[in-house]
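Visitor: I'm new to this one. Could you pick a single part and take me through it closely?

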Amino acid sequence: MLATETILFVSICYIGILFAIAYYGDKRADAGRSIINSPYVYALSMAVYCTAWTFYGSVGRAVRFGPAFLAIYIGPTLMVTLGWLVLRKILRISRAHRITSIADFIASRYGKSILLGGVVTVIAVLGIVPYISLQLKAISTSFQIFSSHQEGAEPIRRMPFFQDTAFYVAFLLAAFAVLFGTRKPEVTERHEGLVAAIALESIVKLIAFLAAGLFVTYILFDGFGDLFAKAAAHGGMSDLFTFSRNGGDAYMDWTVYIVLSMLAIVLLPRQFQITVIENVDEDHLRKAIWLFPLYMLAINLFVLPVALAGMLHFSGQAVDADTFVLILPLANEQKVLTMLVFIGGMSAATGMVIVETIALSTMICNDLVMPLLLHLQPLKLARRTDLSTWLIAIRHAAIVLVILLGYIYFHLTAEFYTLVSIGLVSFAAVAQFAPALLGGIYWKGGTQKGALWSMAVGFLIWGYTLVLPSLAAAGILPHSFIEEGPWGLSWLKPFSLFGLHGLDRVAHAVVWSLMANTVTYVGVSLFDKPSALEHTQATMFVDVFRFSGETEESLVWRGTAMIPDIKSLLERFLGRDRTEEALGQYAESRNMDWGLTLKADSGFVTHAEKLLAGAIGSASARVMVSSVVKEEPLGVQEVMDILDETRQVITYSRELETVTAGLKAANERLKELDRLKDEFISTVSHELRTPLTSIRSIAEILRDYPETNTIEQREFLEIMINEIHRLSRLINQVLDFQKIESGKMQWQIEPVDLIQVTQAAANATRQLINEKRIRLTLELPQAVPSLSGDRDQLIQAMVNLISNAVKFCPLEQGKINIQLIYDRHQLEVRVSDNGIGIRPEDHYTVFEQFRQITQSTDRGRPQGSGLGLAITKRIIDYHKGRIWVESTLGEGATFHFSLPVLPPIEKLQTG
Amino acid sequence: MKSGGVRNKRFAYLFLLGVLAFNYPLLSLFDVPLMIMGIPLLYAYIFFVWVLLIVLVGLTAKSGSQGM
């Protein structure tokens with residue numbers, strides 16, 4: 001079997017690789033080439049959610065309760081489905097306010113309250129330390145199984161810490177967290193190396209578990225079908241296929257666990273750290289919201305098969321189901337696979353411990369220790385020159401402390417509980433942040449007192465229903481406390497408070513604590529009077545997508561401060577170089593000149609406070625900044641006024657934008673019309689000038705040469721008359737169009753026979769047609785029903801169409817065909833020619849006024865005003881008809897118009 | 001580009017679908033000791049809905065990604 005030394009060696013090598021990856025990641029980040037700037041790395045790092053609990057504990061839970069283990073992964077799946085709404089909002093807020101942890105987030109939301117940040121930190125540490133100890137326990141147990149397997153499954157006993165691998169692993173993890181989790185005083189600076197290492201750990205644990213699952217399912221058994229069939233045949237095991245083992249309220253428990261894990265995925269400090277603080281790009285969320293659920297699905301695929309296989313394999317033996325995934329390969333002499341599973345389990349545990357410890361250390365430092373130190377007068381800390389080393393030292397101490405606490409807890413109590421039950425207690429603890437955090441980002445009415453009391457009440461109930469009983473189980477409290485309730489008061493029994501029973505103990509605690517918590521939050525908030533700062537922060541958080549950075553700066557702060565004061569304050573916490581760099585960037589973006597300005601404006605102060613908040617948390621930053629500035633306190637009313645003003649300004653400016661857009665469009669349209677009108681005028685004047693010129697020259701000839709013979713004189717006069725006709729036709733067209741456009745046209749409505757109209761139009765244009773020697777054919781039915789309309793205008797419309805066709809027909813070979821078609825509803829006229837045709841893009845615009853479509857081609861300037869078709873269209877429109885054109889370029893065009901026919905009864909009346 | 005509001009509503013809708021599919025009473029319909037293709041019905045159902053939800057969320061997240 002594998003020697004202890006080998007296992008130790010491999011473990012240390014693995015952790016060594018983590019160090020190397022983290023080191024590489026940091027180096028790349030320093031060089032400006034991030035290796036974690038990818039949605040895949042982001043999603044993988046989110047999988048730090050899957051800890052040793054998932055890796056070992058899920059199997060144990062599946063053995064005991066069947067499908068119930070899945071709730072813990074379905075909850076997060078549902079929550080990240082809402083990730084684009086909820087997580088993105090939290091991300092945006094955190095970036096805008098330079099949030100450093102979940103404690104900082106809640107403190108900042110409720111008026112940058114130091115007290116609130118402290119309370120959140122205490123709850124988080126008390127709730128999470130058992131969870132960390134769970135991971136150490138998993139490492140320790142897996143190691144013991146390894147080394148003691150030769151003598152058979154020996155019961156796990158307590159051993160002194162110097163013989164315990166978990167102790168050395170804990171030590172290495174603390175070193176890792178110290179090295180890669182606290183490089184700079186500013187927490188909002190990402191820990192790239194750390195995230196890279198966590199993503200790698202996620203890959204390792206997934207591969208390890210899948211390998212174990214595949215081995216069990218396909219090597220030990222003959223696939224899923226075989227395994228499930230054997231399990232079903234084995235007495236009692238088929239219970240695991242349904243909820244039946246959980247008793248009647250299984251669905252209730254299931255739902256409570258889904259809700260609990262939904263909250264945990266947002267509220268666990270390590271998830272907040274990875275999802276929010278370490279996020280590189282908000283858009284990564286878009287891929288992570290389905291990649292992360294996919295990861296959870298994959299790692300759960302083989303949980304039930306492993307559980308069943310373990311039960312079949314070790315039936316009758318006393319083997320802890322939590323260790324099946326490791327023992328199954330071990331018992332089957334699979335050395336490499338066992339090693340891989342061991343490493344996988346270790347990666348699951350170490351990833352969690354590292355991130356959780358760093359997140360907790362930030363909270364302890366920024367929200368617990370720093371505020372206390374700053375308040376302790378004898379230390380005179382507030383006046384020390386360089387605090388950035390202090391900050392880092394405190395964080396290092398906090399990391400060591402948290403891991404040590406976890407280790408001690410593991411040694412004292414962890415043996416009594418299974419992996420999952422410890423984890424669930426932690427989930428229930430952090431769930432107490434839910435009303436304050438989620439309520440805080442959607443409800444402006446939530447107040448500091450509301451948040452404080454709600455968490456206090458929830459935490460008390462959590463302690464009473466989950467922690468005190470465990471003390472009783474450990475023998476610290478009398479056992480009757482659980483059985484009969486304190487002082488024999490049965491309605492205070494911790495597992496069935498007020499007689500509520502049917503739920504399992506965690507679900508029972510969650511239901512009571514969250515219910516009381518939420519009711520307190522809403523109730524106290526509604527009866528509370530929040531301060532000005534609370535109002536401001538509430539609005540900033542809830543409306544984060546509406547406020548830009550600039551609006552905010554003008555809001556929060558009013559007072560006087562000196563730039564050197566603020567600068568020295570920043571230098572004490574961030575160090576000189578970082579301060580110069582950060583303020584330099586700010587000055588550059590504002591075109592500020594350091595030499596000239598001494599007084600800081602509100603934008604500068606707010607910026608400085610945020611920089612500081614990134615290092616020591618918002619509450620402490622606020623205290624520090626107000627120690628160097630003279631602030632004029634703002635009243636609630638004032639803040640509300642400013643906020644309302646800003647909002648109104650935003651609304652107004654939006655309205656203005658809409659109006660401006662409308663005006664712009666109108667202006668464009670006007671410009672276009674103006675251009676067309678100019679063109680029209682130049683066309684019309686050109687058209688008017690041609691006949692005028694010829695009339696004038698003929699008149700001059702007649703004046704200068706009175707001796708020309710009468711035949712010639714007659715010819716000249718004929719031409720003059722023709723030209724004058726052409727002139728008056730043009731002028732009439734312009735006047736007609738003007739009349740129609742302005743609605744002054746006098747329409748003479750009477751019954752009209754379209755056959756007559758067509759013939760009249762053909763006759764009117766006869767001369768035009770004959771001049772170009774065009775062949776005109778008419779296809780008219782015998783009789784058509786009459787329609788009501790203006791006969792002259794309809795003739796005009798038809799004449800326009802024909803003369804338009806004539807214009808574009810070739811000389812000599814021109815053909816024009818006029819068709820009149822009648823169906824039951826309408827009369828349709830088709831005027832086709834074999835002219836040059838119309839481009840498809842002009843099929844609509846030909847009917848616009850002043851439009852002469854041939855301009856852009858090399859066909860020369862067309863004759864006519866460009867009004868003919870526009871007038872025609874208006875006449876047809878007036879008669880409730882429709883006009884359109886069909887044409888292929890080069891093959892002629894067909895203009896259609898259709899007019900509705902009068903109903904028969906009216907036809908009788910009118911004609 | 002889809003407007004943000006529509007996409008948010010789609011995600012909210014998928015979330016509600018998930019909540020319904022993963023809870024009583026829909027869940028109880030599949031909570032029977034039957035096997036489908038050698039796999040317990042309840043597990044087959046849960047994993048099927050799970051995969052479906054992931055695919056739908058993926059598609060919703062992808063839609064309108066152009067121009068963002």
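**A pair of packed helices**

Guide: Let's look at helix 15 (residues 324-331) of chain A and helix 16 (residues 335-375) of chain A, which pack at an angle of about 165° with their axes 8 Å apart. Helices here are DSSP runs of H or I with at least four residues, numbered from the N terminus. Axes are lines fitted to C-alpha atoms, for helices over the stretch in contact, and angles run from 0 to 180 degrees between N-to-C directions. Helix 15 of chain A and helix 16 of chain A are therefore roughly antiparallel to each other (the word is used for angles over 145 degrees).

A quick note on the source: this is a predicted model, where local features need pLDDT of at least 70, side-chain atom pairs count only at pLDDT 80 or more, and totals for chains, interfaces and linings use all residues. Residues are numbered from 1 along each chain as its sequence is written, with chains lettered from A and ligands numbered from 1 in the order in which they are written.

Back to our pair: who does the touching? On the helix 15 side of chain A sit Val325(A), Leu326(A), Pro329(A) and Leu330(A), and helix 16 of chain A brings Leu337(A), Thr338(A), Val341(A), Phe342(A) and Gly345(A). Contact means that the C-beta atoms of two residues, placed from the backbone, lie within 7 Å. Sorted by kind, the contact residues of these two helices of chain A come out as seven nonpolar, two polar and no charged. Nonpolar covers Ala, Val, Leu, Ile, Met, Phe, Trp, Tyr, Cys and Pro, charged covers Asp, Glu, Lys and Arg, and the others, Gly among them, are polar.

How values were computed: Helix = DSSP H or I, 4+ residues; strand = E, 2+ residues; numbered from the N terminus. Parallel < 35°, antiparallel > 145°, perpendicular 65-115°, else oblique.
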